[in-house]
Amino acid sequence: MEYLKAFIIGGLICVIGQILMDATKLTPAHILVIFVTSGVILTAIGIYEPLIDFAQAGASVPLTGFGYALCNGAFEGVKKSGLIGAFTGGLEATAGGIAGAIIFGYIMSIVSNPKTKD
Amino acid sequence: MTLKRIGTQTVKLENPPSIISTASIVGPKEGEGPLKEYFDMILEDDLWGQESWEKCESKLQEEAVKMALTNAELTESDINYLFSGDLLNQIISSSYCARQLSMPYFGLYGACSTMAQSLSLGAMTIDGGFADYVACVTSSHFSSAERQFRYPLEFGNQRPFSSQWTITGSGAAIVSSTGNGPFVTYVTTGKVIDAGIKDVNNMGAAMAPAAVDTISNHFKDTGYTPDDYDLIITGDLGFVGKDITSDLLKQEGYDISEVFNDSGIKIFAHKEQDTHAGGSGCGCSAVVFAGYVYKELLKGSLNKVLLISTGALHSPISTQQGESIPGIAHAVTISNSKE
Amino acid sequence: MDRLNKKEYEKYAEKKIPTPTYFKNIFWAFVVGGGICVLGQFIRNWLFSRGLNEKQVAAGTSIMLVFIGAFLTGIGVYDRLGKVAGAGSIVPITGFANSIVSPAMEFKREGYVFGVAARMFTIAGPVLVYGIGSSILVGIIYLLFGGGK
């Protein structure tokens, strides 16, 4: 059941991105920025948390979930250490993914070369 | 005192120079297209043993010039001028090609209009009595253009239906003061026309007004009508741009639909090869001209062709700054008779 | 051509563009995007079963999905997936990895400092700037409204 929920909610979030891209000519970079920022805002106003509880990975894997982790991290940081926490909390919560992307990206660039599209 | 100008934008060449040879080299994808029989060489691998796409593009130009020289039985030292250009920043493909060839060199930038631009300048230089042999060449490479203008190759984006596919290939022509044709008889140089299009995925619509302007002025200046031509072929307008050009020319009073085609449409089987609105790039009109058009002229199945190479004169920076895309189109009449 | 009205022409040109295949695009975005989330759910459940806590599971899932995205980019599969799936493969965190790995690979020939390392963030950089920036902002607002200790 949780797999089905993840599939449907995750799929729907991607569909929103697809409609935005097809209808407005926004570039993928714009879409990613919009999604992560909306994730932060939706979490801050309390809308995204219930979605995470309902769909788990379906809400945390799309980039809005990255925004959720950033916002949640910042809130926890504030609870723990006040103003400093607002600065450190978001990055702390998402450090794994960012660090992973950097190191895997670097390794991939060493071991493989881009190929022409066909 | 100008002796050879007619009308507002056209030159009538008094002693029409002859295109004595051409050469075309294309990448693997272009080599699977409907024009494959016409190309002199088809690469199996689009890096061609080079370290970078840029180096490969430079080699494409160099080998195309050498091949055209061989076809004309000339050597590098016979060439008085090399006119060449490409799409990359600071036209590195052309300059690095010219570095390998010892020829006096004029580097051109006209985006995808470079083939007609170089033929125009080459033909006028010869008719003016400044040269006996000139080489005109241009190139583009899908992967070098993609990384400069769009996204990294491995980025998982979707290409809109109006977008075009940059040709990997180079076309070269040797133009001579003597020879039996085909001849360059008229040169109509385009003005920069900006129709206000900002969508970089719709280059055809950005360039179409320039093509319309140049074609209609060509007819006004020369007194020709569409019936005088066997083929009117634009550079890389694609399906969208060709459609618009046809429409707008009708409004100007010229119905060219009987003889009108576009290099970007001719070069691919678009459904099967998934190239959306058509081919594009400097190499597009270059290889279609040097391959298909030239060989059909030699066979005599075409006798008089108007080649209009179309270019979009924007850069990634102008696009990011929200500027619209200016278009340009240059036309040359290539005919089996000197008339 | 001098009497071309730019506004009218833009509208006219817009009409000439073939419309995107909305239904097909949405279908594949849904299927692939949903599929990647199911994969994420599978990894989550597996990490929980190994006895990790919520925070470790969240970080671990991200890292593993980022690895999968990076790997598929490296072997040249992710761009093919993206051609079909569109936002379905851009929006999940694997797409974030693709946006980092693809320029890193592409610009290797420009060197490991100005090429790989500098270009890595051409697309992901803005995501981090706006994501982290807005999280700090909402953190401060939260603090001001008494969310602290």
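Buried, as the word is used in these legends, means under 20% relative accessible area, with exposed meaning over 50% and partly exposed lying in between (1.4 Å probe, protein chains only). Helices (H or I, at least four residues) and strands (E, at least two) are DSSP runs, numbered from the N terminus. The model is predicted, so that local features need pLDDT of at least 70 and side-chain atom pairs count only at pLDDT 80 or more, while totals for chains, interfaces and linings use all residues. Residues are numbered from 1 along each chain as its sequence is written, chains are lettered from A and ligands numbered from 1 in the order in which they are written, and side-chain values use heavy atoms, with hydrogens and water left out.

**View 1. Strand β7 of chain B and its partner β5.**
Seven of the eight residues of β7(B) are buried, so this strand is largely enclosed by the rest of the structure. Two strands are said to pair if DSSP finds at least two bridges between them. Strand β5 (residues 81-85) of chain B runs parallel to β7(B), and five bridges join the two. Within this pairing, F83(B) stands opposite C136(B) in β7(B).

**View 2**
Strand β7 (residues 133-140) of chain B pairs with β9(B) in the antiparallel sense over eight bridges, with V134(B) opposite V175(B) and C136(B) opposite A173(B). Strand β3 (residues 18-26) of chain B likewise pairs with β9(B) in the antiparallel sense over eight bridges, and here I25(B) stands opposite S170(B).

H218(B) lies in helix α5 (residues 203-222) of chain B, and it counts as buried because its relative accessibility is 0%. Contact means heavy atoms within 4.5 Å. When its neighbours within four places in sequence are left aside, H218(B) is in contact with T10(B), Y186(B), T188(B), G223(B), Y224(B), Y229(B), L306(B) and T333(B).

**View 2. Backbone details in two loops of chain B.**
In the loop between β5 and α2 (92-100) of chain B, Q90(B) has a positive phi of about 55° although it is not a glycine. I91(B), found in the loop between β5 and α2 of chain B, has a positive phi of about 35° and is not a glycine either. Is each of these residues buried or exposed? Q90(B) counts as exposed because its relative accessibility is 68%, whereas I91(B), at 12%, counts as buried. In the loop between β9 and β10 (183-188) of chain B lies P182(B), which is joined to G181(B) by a cis peptide bond with omega of about 0°.

**View 3. The contact between chains A and C.**
In this interface 69 residues of chain A are in contact with 72 residues of chain C. Buried area is the accessible area (1.4 Å probe) that two parts lose on being put together, summed over both, and for chains A and C it is about 6,000 Å², 75% of it on carbon and sulfur atoms. A salt bridge is a side-chain nitrogen of Lys or Arg within 4 Å of a carboxyl oxygen of Asp or Glu. Chains A and C have two salt bridges between them; in one of these, E76(A) and K55(C) have their closest N and O atoms 3.4 Å apart.

**View 4. The contact between chains C and B.**
Here 36 residues from chain C and 34 residues from chain B take part, and the two chains bury about 3,000 Å² between them, 56% of it on carbon and sulfur atoms. The count of salt bridges between chain C and chain B is five, and one of them brings together the side chains of K16(C) and D243(B) (3.3 Å, N to O).
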